[in-house]
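Here is my note on the model, point by point. Please read it with the coordinates open.

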Amino acid sequence: MAEAMTLNRFILSTEHRHPGATGEFSALLSHIALAAKVIQREVSHAGLVDVLGATGAVNVQGEEVKKLDVFAHEAMIRMFQYPGLLCTMASEEEKDIIPIPEGFPLGKYILNFDPLDGSSNIDANVNIGTIFSVHRRRSQSGPGTPEDCMQPGTEQVCAGYVLYGTSTMLVFTTGDGVHGFTLDPSVGEFLLSHQDIRIPKRGSIYSTNEGNYHLWPDGTRRYIDRLKTIDKAKNLPYKARYIGSLVADFHRTLLYGGIFLYPADSKSPKGKLRLLYEAAPLAMICERAGGAASTGSERILEIQPEGLHQRVPLIIGSADDVAEAERYIQGKE
Ligand code: AHM
Ligand code: MG
């Protein structure tokens with residue numbers, strides 16, 4: 001039997017291939033993995049929150065049991081405020097950038113994250129996830145700035161997500177290949193389970209909130225109509241799958257191929273999902289796995305952000321499927 005590759009061994013072996021590496025980036029990845037385990041532990045107790053709440057229970061730190069998304073947000077901040085790896089961070093749960101407290105060392109990296117995406121699914125015991133994006137700082141010194149956080153996706157040095165599902169998975173890329181690690185709860189280690197993930201060039205599943213159909217522009221409607229036509233020679237119709245939890249819908253799309261869309265609609269003309277900590281990191285992963293990510297008219301990774309919480313339409317998945325969706329959305333088909 002092959003020996004299991006732990007995340008830490010994988011990170012160290014990658015570091016050895018970069019002679020100038022200081023180890024800070026490896027430490028950053030290890031801290032992300034640790035935060036993922038802390039959040040996973042809490043997520044696995046989600047169904048018990050009301051039960052514990054009814055007893056007025058407090059957790060081991062003596063704090064009252066918190067809502068999971070607040071817990072995840074605070075867990076990420078606690079993990080990264082002190083070790084000197086970041087100069088600032090941004091979270092979906094906080095309007096402004098989150099500073100490193102005074103007196104603590106500053107690092108050269110920036111972390112943008114969505115601590116618990118899909119949190120509306122928690123009460124139904126449906127998959128949720130954490131999404132993260134790492135940049136190098138642009139400012140020269142001192143505390144990081146909002147501009148450090150607002151860099152185009154092409155500048156990301158690492159992007160990834162954690163999926164809390166039937167098992168907990170950490171999937172990330174640092175640029176060369178997309179790798180997936182599964183948490184073995186018995187030893188508390190992430191083990192390499194999906195090496196060098198490649199998304200199929202074309203799939204046969206589409207994933208979108210079709211309840212918005214009548215709010216979509218004509219091109220988007222025609223594209224989805226096409227995926228439902230019956231044409232066996234063209235592998236149509238596609239299957240429909242929509243969880244409503246971005247990490248889970250994206251993860252399936254990455255492994256099986258196909259397309260995920262949260263397009264612009266008349267209620268949200270700029271789309272719903274956020275550029276910096278939802279669309280851009282998933283776009284980097286998808287492209288590095290051989291797929292594509294677009295707003296319908298623009299490559300997600302090339303968008304110059306204008307706000308920390310900016311929204312974008314997101315069309316992501318197999319390269320041929322995304323290219324076809326773009327043609328419909330742009331009225332070329
Ligand atoms: P959240 O960040 O408030 O959890 O919202 C993001 C979620 C995504 O996980 C998912 O893709 C999308 O919202 C679902 O939206 P809808 O309920 O409109 O289909
Ligand atoms: Mg979110």
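1. What spacing do the donors of the magnesium ion (ligand 2) follow along the chain? The spacing is E-x21-D-x2-D-x160-E. Donors here are N, O and S atoms within 2.8 Å of the metal (3.2 Å for Na, K and Ca); water is not among the atoms, so sites may look incomplete.

2. This is a predicted model, in which local features need pLDDT of at least 70, side-chain atom pairs count only at pLDDT 80 or more, and totals for chains, interfaces and linings use all residues. Residues are numbered from 1 along each chain as its sequence is written, chains are lettered from A and ligands numbered from 1 in the order in which they are written, and side-chain values use heavy atoms, with hydrogens and water left out.

3. The protein donors of the magnesium ion (ligand 2) are Glu92 (OE), Asp114 (OD), Asp117 (OD) and Glu278 (OE). They lie 1.9 to 2.5 Å from the ion. Asp117 sits in strand β3 (residues 109-117) and Glu278 in helix α8, so the pair links parts of the chain 161 residues apart. Helices (H or I, at least four residues) and strands (E, at least two) are DSSP runs, numbered from the N terminus.

4. Are Asp117 and Glu278 buried or exposed? Asp117 counts as buried because its relative accessibility is 8%. Glu278 is buried too, at 3%. Buried means under 20% relative accessible area, exposed over 50%, partly exposed in between (1.4 Å probe, protein chains only).

5. Helix α7 (residues 246-256) packs against helix α8 (residues 275-288) at about 15°, with axes 12 Å apart. That makes α7 roughly parallel to α8 (angles under 35 degrees; over 145 is roughly antiparallel, 65 to 115 roughly perpendicular, the rest oblique). Axes are lines fitted to C-alpha atoms, for helices over the stretch in contact, and angles run from 0 to 180 degrees between N-to-C directions.

6. Leu246, Phe250 and Leu254 of α7 make the contact with Glu278, Leu282, Ile285 and Cys286 of α8. Contact means heavy atoms within 4.5 Å.

7. Nine of the eleven residues of α7 are buried, including Asp249, His251 and Arg252. Just after α7, Gly257 takes a positive phi of about 85°.

8. Gly271 lies in the loop between β11 (259-262) and β12 (273-274). Gly271 is buried, at 2%. Its C-alpha is 5.8 Å from that of Arg311, 40 residues away along the chain. Beyond four places in sequence, Gly271 touches Pro263, Ala264, Arg311, Val312 and Pro313.
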